[in-house]
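Subject: Structure handover

Hello,

Here is the structure we discussed handing over. My notes on what was found in it follow below.

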Amino acid sequence: GAGTSGGEEESWQPPDPELIQKLVTQIEYYLSDENLEHDAFLLKHVRRNKLGFVSVKLLTSFKKV
């Protein structure tokens, strides 16, 4: 599109393994039974889907993610 340089995608680097592990740990905690007992907001979103799926967009809106 207009205003973008063609090389942006080539310069993308995946996050380092330590950051990936921190994200996985945090999201696993958010979705744990222990947390959902006290997190009415997230539990509401888990219950909206028959399989308990929550959107990545919602998870990435949390401050610690």
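Asn35 is found in helix α2, residues 33–36 (helices are DSSP runs of H or I with at least four residues, strands are runs of E with at least two, and both are numbered from the N terminus). This is a predicted model, in which local features need pLDDT of at least 70 and side-chain atom pairs count only at pLDDT 80 or more, while totals for chains, interfaces and linings use all residues. Residues are numbered from 1 along each chain as its sequence is written, and side-chain values use heavy atoms, with hydrogens and water left out.

With a relative accessibility of 9%, Asn35 counts as buried (buried is under 20% relative accessible area, exposed over 50%, partly exposed in between, with a 1.4 Å probe and protein chains only). Its side chain makes a polar contact of 3.4 Å with that of Tyr29 (a pair of N or O atoms within 3.5 Å; within protein, one must be able to donate a hydrogen and the other to accept it, and residues adjacent in sequence count only if both atoms are side-chain atoms). Leaving aside residues up to four places away in sequence, Asn35 touches Tyr29, Tyr30 and Leu42 (contact means heavy atoms within 4.5 Å).

**Core and α3**

The largest nonpolar core has 8 residues: Tyr30, Leu36, Leu42, Val46, Val54, Leu58, Leu59 and Phe62 (a core is a set of buried Ala, Val, Leu, Ile, Met, Phe, Trp, Tyr and Cys residues joined through side-chain atoms within 4.5 Å). Two or more of these residues come from each of α3 (40–48) and α4 (56–60).

Within α3, the residues Leu42, His45 and Val46 are buried. They lie on the same side of α3, because their arc around the axis is only 100 degrees (taken from the directions from the helix axis to the C-beta atoms). The buried residues of α3 pack against α1, α2 and α4. On the face turned away from that buried side, α3 carries the exposed residues Ala40, Arg47 and Arg48.

**Aromatic pairs**

The count comes to 3 aromatic pairs (rings of Phe, Tyr and Trp, the last by its six-membered ring, with centres within 6.5 Å; planes under 30 degrees apart are stacked, over 60 edge-to-face, the rest tilted). Tyr30 and Phe62 form an edge-to-face pair, at 5.1 Å centre to centre and 75 degrees between the planes. That pair links distant parts of the chain, with Tyr30 in helix α1 and Phe62 in the segment after α4, 32 residues apart. Both Tyr30 and Phe62 are buried.

Phe41 and Phe62 have ring centres 6.5 Å apart and planes at 70 degrees, so this pair is edge-to-face. Phe41 sits in helix α3, 21 residues from Phe62. At 42% relative accessibility Phe41 counts as partly exposed, whereas Phe62, at 14%, counts as buried. Ring pairs link Tyr29, Tyr30, Phe41 and Phe62 into a cluster.

**Helix α1**

There is 1 salt bridge by the rule used (a side-chain nitrogen of Lys or Arg within 4 Å of a carboxyl oxygen of Asp or Glu). Lys22 forms it with Glu18, the closest N and O atoms being 3.5 Å apart. Both Lys22 and Glu18 are exposed. They are 4 residues apart in helix α1, and therefore about one helical turn.

Regards
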